[in-house]
Amino acid sequence: MFTFVNFEYTMLRISTIEIEKLEEILSEIQRKKLFHIIPNKEEDNYIQNLRNKIEDSNEEIKNILCNINNIDTYLIHSVRENLLLKLDQYHHILQFLKIEQNIFKFKFSNELVENSINKVIESKKLIENFNQELIERRKKEYASLFLESDIIFDDNQKRAIITDDKHNLVVAGAGSGKTEVLITRIAYLTRRKQEPISPNRIIVLTFQKTAAKEIEKRIYRKFGISIKIQTFHSLGYEILNNSSFKKKLKFDGDNFDFDYKKFINDLYKKAEKDPSFQNKLITYEKFFGDDDPLKKESSFETKEEWYKYIRNFSYVALNGRKVKSKGEKAIMNFLLTHKINGTYIEVRYEDSAEWMKYTNVTNKIIIPKPDFFLPRYNMYIEHWAMDEKGNVPEWFEKPKEYKKDMQQKIERFKRQKNYSLLETTYSEFRRKDFIEQFENKFIAEIKRKNPEKEVVLSSISYSELVDIVWRTFKDSIKRIPFEVATFIIKAKTNGLKPQDIHERLMKESWSPKQKAFGEIALIIYSEYEKELQNRNEIDFCDMINQAVEELQKNSSLYENSFDHILIDEYQDISKQRYQLIKVLMTKNSNSKLFCVGDDWQSIMGFTGSNLELFIKFHNYFDHPARTDLLINYRSIKSIVDAGADLIENNGNRQLKKTTIAKYNDEKKIMVYSSSTGDKRTYYQQTAIHCANTIKEYLMKGYKPQDIMILCRIISKPDLINPLFKYSKANKVFLTINSHNPQSVPLMSVHKSKGLQAKVVLVLSVDKDLYGFPCEIENPLIFEPAMDTKYNNKEEEERRLFYVAITRSKEDVIIYTQKGAESIFLEEIKKHTEIKELDYKIINNP
């Protein structure tokens, strides 16, 4: 029989018609009929029993439907599917009775069966349509509530507010009003006539303290509702205070991030004095400037695409010199990091050798450029791209010409006596002892040329190496301790302790660069944990991890405390935060989850966020109700379309969704490109043009807060200082990372999240340490501390650029340098118009 069990506001549990009993009766009748052993009287009893069961079941279905209509409650997925499943099973039995009536001597009541089948079909239809009809009714019923909002809600926004499944995901787009939906959802839950929820039974979680305060303020101002909005960390802290956990919180002030990074930097500086740590730093620094191979041949449709990918790889030696292969880099770094008889080895890369010139088959004069030249010793070093069989890599563009050129060089060396040639091959490089063998060859050649002199080869000191590397990679070196700090945060948010990182580095496959950085980070992470243990302290990351542990240990802690859990900016969810939500849902079994976010704006990777938890939400919370907010109420159509085209390049790492602009205006995104090759001049041109452009907008009647200037990273004095200088000259006032009605804000893209302006100017959209994508930040080095791996390192950078351009309502102005344009500009080129950033402007500020 159908039965209600534990019916409470939002929870409906239904058992079943006695399907087994009905099937048992039918099975028994069939068996006895087969062997002709069923007496007439017994058959009558069976028939009567069947009739009674069917009539009882029909009555129970009638009562259930009546209750559903009277209670007028959204049917959560498990209840709805349970109802439909039992009705399907019952329908199957009724169909069997209708078709197989010949098993009875006398006709079974055909009318009862027919009527029952019709009732089941009607019941299924009612249940299948119930939630949709409920949503439509409540849209009208709560029209006055929706009018209290600052915006006019569209159909999908209302649907998102009303939909009340066990697990709810609202997939929003930029400018789609998702925060307003979240706020109105809270008001709807507390004000609805059916199952109203007390504010103290609702928990609302955000990621940033400022966002929590803003939501709390807005919901009180609009709806007069006092409700506590918490960050995940503040909730974790609250849970620990309500438990038996006694450790103190380190970095508990408002400057947590600064204090934490300073503490890690101090540990790093202390470790830097240790020679073994210095060796690890040297190993890691040798990878500065290199591209990380991410894709395999199978990732490409054609061999030519694969070959092009390989040919475009970048290898950079310690002195910043780009070389053509890993082998050349290894040789260059060896020469840079050693001395002969206490003297640095002078090395020239691809220096033109006039004495080797020759005329090729087309009568063209060729002047060879051997790989390395050591003028002090009149020695050339050639690293031939040859395997064991004398073949060059198949991805070479002109393999035959390479071999001919190689032979011409060797012949020229044989004809003279002034210079010596030291040769190595790719085949030799593949051996583990390549550097050792190269060193032996190199010393032997030096001694051969100077038989009467003592030759002492020595390594340069760590401080000498830093001096060499500092000239080119100063910013990268300065960032190491801060990258270590990020690595530790990621490890903790993924539940990985130092011993876990050690095992991963030892057992799993990593690039040499990842492993080198991982070993540096592990040393600092281990020391950091020891410091915390010695002081009986925890940090912000530990707060959430420990809160999860306390909830799991104490069965009554936060049990039956919430009916609804709402989460803003869910695209920034991390593993540890997910675990906190999961354990709270388990301890509050009747609670419902409502998450709102935009995976296209997931830009908080440095905090340990894991986008997979959003895009594969259904794998973590079963059968969620998904509502998409499709309409962008902020930006004009050309900006919305440009953003969609940009994100499409992230492939299956983003959810597929349609984005629609409320405003159909179309303007080209203006790209101002400087043709100067000098960075300093380019930055000055940008600063002057940017200042002049802002002045023009202000003269047209725009207010300072209608304009926004964005950078990938704000700490770029070569650009920021001239910008302030020329802005001041134009009586344009700027503020950094803050809001002042009298000043135009200049901020990083991260700081701009959630903000908007009529005009957005985006600086330095080029291939640069501080550009788009930002080359100074390499997310791949953090993978040993993460659950998931990147498909490519541009994913989050692309989302950052998406956030940048979608802050604008009307105009987007971009600055770049010709020849160094960001790859993202190519991806939105049909939405842009490129203009020359006039060099002459620099003389007319």
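**Exercise 1.** What percentage of the 845 residues of the protein count as buried?

*Solution.* The structure under study is a predicted model. Begin with the cut-off: a residue is buried when its relative accessible area is under 20%. By this criterion, 54% of the 845 residues count as buried.

**Exercise 2.** Describe the overall build of the protein: its secondary structure, its extent and its contacts in sequence.

*Solution.* First, list the elements: the protein contains 29 helices and 30 strands. Second, consider the extent: the C-alpha trace spans about 120 × 80 × 65 Å along its principal axes. Third, take the contacts between residues at least 6 apart in sequence; 77% of these join residues at least 24 apart.

**Exercise 3.** Which residues have the most contacts inside the largest nonpolar core?

*Solution.* The largest nonpolar core has 120 residues, and those with the most contacts inside it are Leu-374, Phe-442, Ile-567, Tyr-570 and Leu-580. Helix α17 (residues 462–493) supplies the largest share of this core, 14 residues. Another core, of 56 residues, lies apart from it and includes Leu-97, Ala-212, Leu-566 and Leu-629.

**Exercise 4.** How many Å apart are the mean positions of the positive and negative charges?

*Solution.* Count the charges: the protein has 136 positive and 125 negative ones. Then compare their mean positions, which are 3 Å apart.

Terms used. Residues are numbered from 1 along each chain as its sequence is written. This is a predicted model: local features need pLDDT of at least 70, side-chain atom pairs count only at pLDDT 80 or more; totals for chains, interfaces and linings use all residues. Side-chain values use heavy atoms; hydrogens and water are left out. Helices (H or I, at least four residues) and strands (E, at least two) are DSSP runs, numbered from the N terminus. Buried means under 20% relative accessible area, exposed over 50%, partly exposed in between (1.4 Å probe, protein chains only). Contact means heavy atoms within 4.5 Å. Lys and Arg count as positive and Asp and Glu as negative; His and the chain ends are not counted. The place of a charge is taken as NZ of Lys, CZ of Arg, CG of Asp or CD of Glu. A nonpolar core is a set of buried Ala, Val, Leu, Ile, Met, Phe, Trp, Tyr and Cys residues joined through side-chain atoms within 4.5 Å.
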